[in-house]
Amino acid sequence: MAAVVAFVSQKGGPGKSTLARALAREGAASGLKVKLADLDLQQGTSLDWSRTRLQFGIEPSISVEAFSTAAKALAVADQYDLLVIDGPARASAGTLEIAKASDLIIQPSGASLDDLRPAVKLFHELVKAGIPLERLAIALNHVATDAEEADARAYVGQAGYAVLAGCLVERPLYRQAQNGGFAVTEAKHARLRERADVLIQSIVNRIAA
Ligand SMILES: Nc1ncnc2c1ncn2[C@@H]1O[C@H](COP(=O)(O)OP(=O)(O)O)[C@@H](O)[C@H]1O
Ligand SMILES: [Mg+2]
């Protein structure tokens, strides 16, 4: 049975697809059999990304497939070591179904209170619905400064949730990488790759723990 890691949020744009692709890429590069399940049927951006990746012949190739529900993705999980769920920007029921199916639920968030407050609220709802606290973690993205990162960590910590080590700074090169079918861990700039690596590695460590 695969380890199941889901990226969820009610908002669009915090980085669900970005981080899901990077985790799938790093898992595949380390020799795991990985499936990236795109549950954002309306947008299907990870499916598009995988086509671009295929077109440019980027290795390792990553198996991406669209599923309408988490249950349908789970049905194929036993064929893989790692199932990465790229969730839709949507609320409640769908997110809870995904969370129930997952060993680790990661919510990317920007560092502003406008982003963090709803993120914490969603985690509160999941805990209330019976999802164990230990399975939840925030991943900080679109960060500008160290001070901003520190403030965001403090806020989430106070709310009682884990924040993954590392964060992604806001950089056009991360967008460019993905435009070309690469993951953020394959960005052109070594420092940016390393940054992304720290964040993704903290997810890998949690799966392994
Ligand atoms: N750290 C970053 N720096 C610059 N652009 C980013 C960063 N993270 C994500 N993006 C871009 O922001 C947009 C939204 O990210 P995406 O991962 O698609 O979010 P979601 O899947 O949560 O809606 C995409 O264009 C993506 O390339
Ligand atoms: Mg997305």
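Residue D78 counts as exposed, because its relative accessibility is 55%; exposed means over 50% relative accessible area, buried means under 20%, and partly exposed lies in between, with a 1.4 Å probe and protein chains only. The structure on the screen is a predicted model, in which local features need pLDDT of at least 70 and side-chain atom pairs count only at pLDDT 80 or more, while totals for chains, interfaces and linings use all residues. Residues are numbered from 1 along each chain as its sequence is written, chains are lettered from A and ligands numbered from 1 in the order in which they are written, and side-chain values use heavy atoms, with hydrogens and water left out.

Let me return to D78. This residue is found in the loop between α3 (70–74) and β4 (82–89); helices (H or I, at least four residues) and strands (E, at least two) are DSSP runs, numbered from the N terminus. Along the sequence, D78 and A3 are 75 residues apart, yet their C-alpha atoms are 9.3 Å apart in space.

Two further pairs may be set beside this one. L23 lies in helix α1 and is buried, with a relative accessible area of 0%. Q158, by contrast, is exposed, at 75% relative accessible area, and belongs to helix α6. From Q158 to A183 the distance is 25 residues in sequence and 32 Å in space, C-alpha to C-alpha.

I now turn to the ligand. Which residues are closest to ligand 1? They are G13, K16, T18, N141 and V169, out of 16 residues that surround the ligand; a residue is near a molecule if one of its heavy atoms lies within 4 Å of it. This shell divides into four nonpolar, eight polar and four charged residues. Here Ala, Val, Leu, Ile, Met, Phe, Trp, Tyr, Cys and Pro count as nonpolar, Asp, Glu, Lys and Arg as charged, and the others, Gly among them, as polar. Helices α1 (16–29) and α7 (172–179) each supply at least two residues of the shell.

Several side chains approach the ligand with polar atoms. In T18, a side-chain N or O atom is 2.6 Å from an oxygen atom of ligand 1. In N141, a side-chain N or O atom is 2.8 Å from a nitrogen atom of the ligand. In Q178, a polar side-chain atom lies 3.3 Å from an oxygen atom of ligand 1. On its own, ligand 1 has 550 Å² of accessible area, and the protein covers 81% of it; such areas come from the Shrake-Rupley method with a 1.4 Å probe.

S17 is also placed in helix α1. Is S17 buried or exposed? S17 counts as buried, because its relative accessibility is 14%. Its side chain is joined to that of D86 by a polar contact of 2.7 Å, that is, a pair of N or O atoms within 3.5 Å, of which, within protein, one must be able to donate a hydrogen and the other to accept it, and residues adjacent in sequence count only if both atoms are side-chain atoms.

Finally, the backbone. The peptide bond from E59 to P60 is cis, with omega near -5 degrees, and P60 has its place in the loop between α2 (45–55) and β3 (63–66). H142, a residue other than glycine, has a positive phi, near 60 degrees.
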